[in-house]
Amino acid sequence: MCSAAQATCNANIPLTRPDSRYEVVAGATPAGSEVRDKVTGLVWQRCVVGMVWSGATCTGTASGMTWQNALDAARTATASTTLDATAWRVPNLTELDSLAERACYSPAINTTWFVVTPAESTWSSSPSADASDGVFFVDFGYGDTNIGSNGNDNTGTRVRLVRSGR
C-alpha cells in the first residue's frame, strides 16, 4: 500500500503495484537494501543512486546525473558487489516503467518498498529512435514516460539500478 505520508493515492483505483508484489532479497548488503519484484523477477535497489539504505529508510541525497553518469554509476555499483551477484545496470524503459504505481502520485511508486523516492525523472537505458540525443525516462511524479537529452546539460535526472534475479 502507498504510504499516505509519502504519496497521494486514489482509493477508487486498485493498486497496480501492491505490497504483495515485492519481497526483500535475502543476503543483500546492507540487509533489506534490495527488493525482488515477484512478477518480473527483477531485483531493484531500494534507494536511488546517492542515497543509502539505513535498515528502515533511504538516507542521503539523491544524485542528479547525466545519462552517461547513470551508466557509469551502474558500472561502479557492479564493481563493488559480491562475486555471486549479477551486474547492476540502468533498467530499460519497460523495466523501469514496471515500478510505476498508477493509483498514486508524488511519487508514483510503491512507497512501502521504495521509500523516499524522489517524485522526479529517473533514467532508463532506452534511447529514443526519433531523437539523436534522446533517452527515455520515467517521471515518478505521475508515473509517465518521456524523452530527455542524454547531454551534459541534463544533470538533474535520477537513477535506480536493477539486476536480473538469482
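Which pattern does the chain follow when it is read along the sequence? The chain follows the pattern β-β-β-β-β-β-α-α-β-β-β-β-β, which amounts to 2 helices and 11 strands. Here helices (H or I, at least four residues) and strands (E, at least two) are DSSP runs, numbered from the N terminus. The radius of gyration of the chain is 15 Å, close to the 15 Å that the globule rule gives for 166 residues, so the chain is as compact as a globular protein of that length; the radius is taken over C-alpha atoms, and the rule is 2.2 Å times the number of residues to the power 0.38.

The model is predicted, so that local features need pLDDT of at least 70 and side-chain atom pairs count only at pLDDT 80 or more, while totals for chains, interfaces and linings use all residues. Residues are numbered from 1 along each chain as its sequence is written, and side-chain values use heavy atoms, with hydrogens and water left out.

Taken along the principal axes, the box that the C-alpha atoms fill is roughly 40 × 40 × 30 Å. Of the 166 residues in the chain, 47% are buried, where buried means under 20% relative accessible area, exposed over 50%, and partly exposed in between, with a 1.4 Å probe and protein chains only. Among contacts (heavy atoms within 4.5 Å) between residues at least 6 apart in sequence, 60% join residues at least 24 apart.

We can now turn to the aromatic rings. The structure holds 3 aromatic pairs; rings of Phe, Tyr and Trp (its six-membered ring) pair if their centres lie within 6.5 Å, and planes under 30 degrees apart count as stacked, over 60 as edge-to-face and the rest as tilted. One of these pairs is formed by tyrosine 22 and tryptophan 113, and this pair is tilted, at 6.4 Å centre to centre with 50 degrees between the planes. Because tyrosine 22 lies in strand β2 (residues 22-24) and tryptophan 113 in the loop between β7 (104-105) and β8 (121-127), the pair ties together parts that are 91 residues apart in sequence. Both tyrosine 22 and tryptophan 113 are buried.

The rings of tyrosine 22 and phenylalanine 114 have their centres 5.4 Å apart and their planes at 90 degrees, so this pair is edge-to-face. The pair also links distant parts of the chain, since phenylalanine 114 is in the loop between β7 and β8, 92 residues apart from tyrosine 22 in strand β2. Phenylalanine 114 is buried, as tyrosine 22 is, and Tyr22, Trp113 and Phe114 form one aromatic cluster.
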